Amino acid sequence: MPFYMTSFSPPLSSPQPLFTPIPEFNFHTTIPIMGTHAKLLTKPRFLCLHGFRTSAAILKKQLGKWPASVLDQLDLHFLDAPFPAEGKSDVEGIFDPPYFEWFQFSPEFTEYRNFDDCLSFIEDYMLKHGPFDGFLGFSQGAILSAALPGFQAKGIALTKVPKIKFVIIISGAKFRSESVAEKAYSTLIGCPSLHFLGEEDFLMPHGQKLLESYVDPTVINHPKGHTVPRLDDKALEIVESFIQRISKTLDETEE
């Protein structure tokens, strides 16, 4: 039985999932570390989940404002959500269509439709194109990414793929449905996590609440709204430190 609620609207027929990965930023798998004894660290491999009614190509462009010194240390793969946008996108006129959404939800964001199909779609992609070390998500993709480690730990989703090791959450939040939240956050999530919180973001309070579900979250506060922010000097230092930490964790695990 699916664990989400479907009462707010009749189900739509789900399209056949079409995997539409966007080429990653780079094809290298190691990070050069300068020093007396040069060493190569494994690049963390992230599956990137875009925002509501946007696309993989749009998220790639949004992340493109980050410096190459950061992007070159990550192996990023971008995926379109399985469902075409059912309404107007907030990015029309800014980014070109097509636009997609991961699942549909009620106005109160307490009931969801096509949620199980979404989880299966992501797992199928990971089985065919993985393994992945973690998720990077923005907006709806961030809400989903932040919950996936909890779903996996409870055996709700991603049971056929390796354990999620890391997440990067940009403008994220917690699911508001009590039944979904209980399965996602009832146990603290221990994987290293990096959270971006915007002072003018309408999801800011919910993003702060999400921090309580993680054991030791790394947080970057920025003055912007609901966006992928540019990295100032302080944010850049935090991001690079986080990447170095998780890369070393990968190498230690493989030894």
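A: Strand S4 pairs with strand S10 (residues 134-138) in the parallel sense, over 4 bridges. Within S10, Gly-137 is the bridge partner of Leu-49. S4 is also joined to strand S5 (residues 75-79), by 5 bridges, and these two run parallel as well. There, Cys-48 has Phe-78 of S5 as its bridge partner. This is a predicted model.

Now the burial of S4. S4 has cover on both faces. Arg-45, Leu-47 and Leu-49 are buried on one side. Phe-46 and Cys-48 are buried on the other. The cut-off for buried is under 20% relative accessible area.

The chain as a whole gives the setting. It holds 7 helices and 13 strands. Of its 255 residues, 52% are buried. Among contacts between residues at least 6 apart in sequence, 76% join residues at least 24 apart. The chain exposes about 12200 Å², with carbon and sulfur atoms supplying 55% of that area.

The loop between helix H3 (115-129) and S10 contains Pro-131. The peptide bond from Gly-130 to Pro-131 is cis, with omega near 10°. A cis peptide bond also joins Pro-97 and Pro-98, with omega about 5°. Pro-98 sits in the loop between strand S6 (83-84) and strand S7 (100-101). Most peptide bonds are trans, and most residues other than glycine have a negative phi.

Asn-114 is not a glycine, yet its phi is positive, about 65°. Asn-114 lies in the loop between S9 and H3. With a relative accessible area of 6%, Asn-114 is buried. Phe-109 is not a glycine either, and its phi is positive at about 60°. Its loop runs between strand S8 (104-105) and S9. Phe-109 counts as buried at 10% relative accessibility.

In H5 (residues 178-185), the buried residues are Val-180, Ala-181, Ala-184 and Tyr-185. They cover an arc of only 95° around the axis, which puts them on the same side of H5. Their cover includes strand S9 (112-113), helix H4 (140-153) and helix H6 (204-211).

How values were computed: Residues are numbered from 1 along each chain as its sequence is written. This is a predicted model: local features need pLDDT of at least 70, side-chain atom pairs count only at pLDDT 80 or more; totals for chains, interfaces and linings use all residues. Side-chain values use heavy atoms; hydrogens and water are left out. Buried means under 20% relative accessible area, exposed over 50%, partly exposed in between (1.4 Å probe, protein chains only). Contact means heavy atoms within 4.5 Å. Accessible areas come from the Shrake-Rupley method with a 1.4 Å probe; for residues, only the protein chains shown count as cover. The arc is that of the directions from the helix axis to the C-beta atoms. Two strands pair if DSSP finds at least two bridges between them.
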